[in-house]
Amino acid sequence: MKSLTVKIPHIDSSSYDIKIKAGLLRDLPQIIEAQLGACRKMIVTDSNVKKSGHTDSLSSCGEIFVIDPPGECNKYMHTIVDILEQMEQTAMGRDSAIIAVGGGTVGDMAGFAASIFKRGVPVVHVPTTTVSQADSSIGGKTGVDSSFSKNAYGAFWHPAAVFIDVETLKTLDQRQFNAGLVESIKHALIADQTYFEYLEDNIDAILDKDNSALEEIALFNSKIKASIVSIDPKEKNQRRILNYGHTIGHAIESASNFELLHGEAVAIGIIGASIIEIELGIGNIQRLERVKKLLSKLSLPLKIPANITKEQIYELLSRDKKSIGGWPKFALIEDIARVHIDADNQWAHRVDPAVVDVAINELMQ
Ligand SMILES: NC(=O)c1ccc[n+]([C@@H]2O[C@H](COP(=O)([O-])OP(=O)(O)OC[C@H]3O[C@@H](n4cnc5c(N)ncnc54)[C@H](O)[C@@H]3O)[C@@H](O)[C@H]2O)c1
Ligand SMILES: [Zn+2]
């Protein structure tokens, strides 16, 4: 079993373990019991994850709450209230815990519910998508959407533990699987040359869902995400590098009316960031070509879809939630694993609109 410990300063439970193993779910009831003791547990999942059998081994652990229909369409306050009310109805107390089994939507909602139930109970994440295993289960961001924007309401609530069973990915739809791998490519680009080379060399095994390759990338991802969030848990500066490719990516994702999956839009955004880097003299064509080659192995779109206009992109960029004065900041790299940091030690940068325009034009051709 691969394992590491994440240390988060300034919070009550200052560290948590991430365990990674194919087939881990089968042993989870005993592991969780040993870790959390004999407390009451609420398993929060969604109907696809339950149908795929990923909660079967946990059925003896406690009550279950199934989000149905699954996905972003139910990531609202009403689901949080329903989870909390079911916990109340079954008379769970402060000594209860939530076990989140699912993708990022389940994890974000289960974590948020845990953060406010009886002023906070532990949440254990059992992520089952490439997004949640690489990204959302680590770092403590939880929340739901409002009718106006994504992740509008939420809290930082770090998990008590994260258990990654890469075998769960075998039932994940291939489009979701591939799109989620973009977060892995992002991690490699911002933090680890060896990891990028590993992805280049092993992409076929990863796409074949080979257990040892999936365990390996889960460990790389966990180490990278954990190290960044432990330096900057509340996203004051360094954590912004995790937004690499996301500024243009988010605009494309919204402009597509969420027809594009998050990872698909971020793939285009990563190419956009690479073009901006070339324009600023901190990137080069060879790196851009390597990135494109890896992304194209995942059958991802590498251009902005033809039905999206430049005006839409600019309108959305100006409304980016991290915008200052109507213009967003961009996380950039100078090389693989070398973050662009300015003289004031800032990890996100204002980029001249004319430079961004070059990237947008190239992405629209
Ligand atoms: N908290 C964070 O730091 C953070 C980071 C990134 C993304 N997010 C959030 O995560 C969400 C996206 O997460 P996601 O991409 O995992 O999507 P998701 O949770 O919607 O899952 C995608 C689809 O796959 C299904 N599914 C999940 N696991 C499965 C499995 N093993 N087998 C079969 N089907 C399965 C789900 O039912 C759903 O239909 C967004 O809401 C985003 O805001 C949060
Ligand atoms: Zn992302």
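Student: Before we talk about distances, where do the domain bounds come from?

Tutor: Domain bounds come from an automatic or database domain assignment. In this predicted model, the protein is divided into domain 1, residues 2-172, and domain 2, residues 175-364, and the C-alpha centres of the two domains lie 26 Å apart.

Student: How many residues of domain 1 are in contact with domain 2?

Tutor: There are 25 residues of domain 1 in contact with 23 residues of domain 2. On the domain 1 side, the elements that give two or more residues are β1 (2-7), β2 (15-20) and α5, and of these α5 gives the most, with five residues.

Student: And what is that side made of, by class?

Tutor: The side of domain 1 that touches domain 2 has 14 nonpolar, five polar and six charged residues.

Student: Switching to ligand 1, which residues are closest?

Tutor: The closest are Asn-48, Pro-70, Gly-103, Gly-104 and Ser-136, out of 30 residues that surround ligand 1. By class, the shell divides into five nonpolar, 18 polar and seven charged residues.

Student: Last one, on the whole protein: why does its radius of gyration agree with a compact globule?

Tutor: Because a compact globule of 365 residues would have a radius of gyration near 21 Å, and the protein has 20 Å. Its C-alpha atoms fill a box of roughly 60 × 40 × 40 Å along the principal axes, and 49% of the residues count as buried.

Note on methods: Residues are numbered from 1 along each chain as its sequence is written. Chains are lettered from A and ligands numbered from 1 in the order in which they are written. This is a predicted model: local features need pLDDT of at least 70, side-chain atom pairs count only at pLDDT 80 or more; totals for chains, interfaces and linings use all residues. The radius of gyration is taken over C-alpha atoms; the globule rule is 2.2 Å times the number of residues to the power 0.38. A residue is buried if 20 or more other C-beta atoms lie within 10 Å of its own, exposed if 12 or fewer, and partly exposed in between; C-beta atoms are placed from the backbone. A residue is near a molecule or strand if its C-beta atom, placed from the backbone, lies within 6 Å of it. Ala, Val, Leu, Ile, Met, Phe, Trp, Tyr, Cys and Pro count as nonpolar, Asp, Glu, Lys and Arg as charged, and the others, Gly among them, as polar. Two residues are in contact if their C-beta atoms, placed from the backbone, lie within 7 Å. Helices (H or I, at least four residues) and strands (E, at least two) are DSSP runs, numbered from the N terminus.
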